[in-house]
Amino acid sequence: MRRIGTDESGKGDYFGGLAVAAVYVDENTEETLKSSGVKDSKRLSSNKIHELARIIRDNCPHSIVYIGAERYNELYSKLRNANKILAWGHARAIENLLLKIDCDTVITDKFGDEKFVADALMERGKKIKLIQRTHGEEDIAVAAASILARDAFVSHLSALSKKYGMDLPKGASNVISAARDFVAKYGKDELKRVAKLHFGTTNEIVGDYNRLWAPWRMEYIRVADKTGCIFCEAFKTDKYVVYRTDKSMVILNAFPYNNGHIMIAPVRHVGEFESLTDEELFDLIKLLPLSITKLKAVYNPHGFNIGVNLGRPAGAGIIDHIHIHIVPRWVGDTNFMPVIGDTKVISQSLDESCKLLRTAFGYKGK
Ligand SMILES: [Zn+2]
């Protein structure tokens with residue numbers, strides 16, 4: 001049977017990225033691969049893998065997709081699911097190979113939801129018959145792909161080791177001391193370029209891995225810890241307060257996710273909605289439609305995210321003074337800036353936002 005086999009390498013390795021390979025096998029090449037000793041890469045030594053990879057590359061049409069650690073982390077922060085990244089890689093490898101050869105059957109090792117790969121395939125790939133089976137690597141085309149993927153992964157990992165002048169080990173169980181050494185030498189922010197941050201290892205070394213991915217939020221928490229409560233502080237100083245009643249206030253987020261990111265908070269320093277009186281609650285909630293109206297008038301957004309984070313595990317920066325976030329959204333604003341750069345790029349200054357919103361709310365300041 002003429003077919004394409006696909007497999008990946010690196011999903012269980014803390015250091016390095018993810019390699020996905022697709023290999024086309026027909027009657028002739030199948031014999032060549034069998035006589036060379038091609039089998040699942042997990043049952044082969046690294047020298048043998050390297051040797052067989054060359055034979056496969058020389059004899060079979062193939063494609064290799066390599067997702068570097070940094071790109072992997074970006075994808076993970078967006079998709080929040082390693083299997084979806086895998087599926088995306090498999091789909092790209094299949095499509096790249098279909099540009100070189102014509103084939104209607106693809107066999108892949110089964111992982112996650114079977115729909116993931118099918119969903120990730122584009123026009124060309126949608127026409128193929130996709131077979132996902134457990135122990136897929138028993139098929140020689142999948143085994144060949146597993147060898148190419150492992151070889152690509154390992155060679156990228158050794159290039160990384162060389163670049164940083166230290167041994168970045170394979171696997172996920174004996175990586176802690178290497179990761180500690182790496183952070184000691186290059187700083188924790190550099191870790192995202194060499195390791196898959198969602199592994200538990202990251203938390204063991206640097207604490208909350210969100211630190212590496214949402215530094216503007218950490219800054220927010222840091223400022224809050226230093227000054228006590230930013231809401232009580234704002235109520236006193238009036239800084240970035242764009243509207244207030246005697247029970248509630250609307251305040252600009254100093255570390256916004258987007259232009260016009262505001263928060264509604266009660267004046268009283270309380271950490272739970274249950275602690276608010278009916279009057280306070282009503283006054284607070286009335287500010288929601290009012291704020292939406294004003295934000296629409298000033299920013300003309302296409303949508304809003306409105307929400308509350310209660311408690312540190314839920315992502316709350318300030319845990320003991322409740323507040324409701326209102327974030328204006330525009331089509332196309334979900335870019336990778338927040339995870340690539342150190343800070344999110346906000347085109348409008350806070351002072352300018354404050355001025356515009358105060359005018360809209362008709363608030364002259366204290
Ligand atoms: Zn407070």
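These legends walk you through several close-up views of one predicted model.

Before you start, note that local features are described only where pLDDT is at least 70 and side-chain atom pairs count only at pLDDT 80 or more, while totals for chains, interfaces and linings use all residues. Residues are numbered from 1 along each chain as its sequence is written.

**View 1. The whole chain, to get your bearings.** The secondary structure comes to 15 helices and 10 strands; helices (H or I, at least four residues) and strands (E, at least two) are DSSP runs, numbered from the N terminus. Of the 366 residues, 38% count as buried. Here, a residue is buried if 20 or more other C-beta atoms lie within 10 Å of its own, exposed if 12 or fewer, and partly exposed in between, with C-beta atoms placed from the backbone. Two residues are in contact if their C-beta atoms, placed in that way, lie within 7 Å. Among contacts with a separation of 6 or more, 71% come from residues 24 or more positions apart.

**View 2. Helices α1 and α2 side by side.** The axes of α1 (residues 27–36) and α2 (residues 46–59) come within 11 Å and cross at roughly 170 degrees. Axes are lines fitted to C-alpha atoms, for helices over the stretch in contact, and angles run from 0 to 180 degrees between N-to-C directions. The two helices are therefore roughly antiparallel to each other, a label for angles over 145 degrees, whereas those under 35 count as roughly parallel, 65 to 115 as roughly perpendicular and the rest as oblique. On the α1 side, look for T29, T32, L33 and S36; on the α2 side, look for L52, I55, I56 and N59.

**View 3. Strand β4 and its partners.** Because 4 of its 5 residues are buried, β4 is largely enclosed by the rest of the structure. Strand β1 (residues 3–9) pairs with β4 in the parallel sense over 3 bridges, and two strands pair if DSSP finds at least two bridges between them. Find G5, whose bridge partner in β4 is I107. β4 also pairs with β5 in the parallel sense, over 5 bridges, and here V106 stands opposite L130 of β5. In a regular strand, side chains alternate between the two faces of the sheet.

**View 4. D109 in strand β4.** D109 belongs to β4, which covers residues 105–109. With 23 other C-beta atoms within 10 Å, D109 is buried. Not counting residues up to four places away in sequence, D109 touches D7, G136, E137 and V142. D109 and R133 are 24 residues apart in sequence, yet their C-alpha atoms are 5.3 Å apart in space.

**View 5. H269 in its loop.** Look for H269 between β8 (262–266) and α13 (278–299). H269 counts as partly exposed because it has 15 C-beta neighbours inside 10 Å. Leaving aside neighbours within four places in sequence, H269 is in contact with C229, C232, D320 and H321.

**View 6. Two loop residues with positive phi.** Most residues other than glycine have a negative phi. H135, in the loop between β5 (129–133) and α7 (140–164), has a positive phi near 55 degrees. H135 is exposed, with 10 other C-beta atoms within 10 Å. D238 has a positive phi near 75 degrees, and lies in the loop between α12 (230–237) and β6 (241–244).
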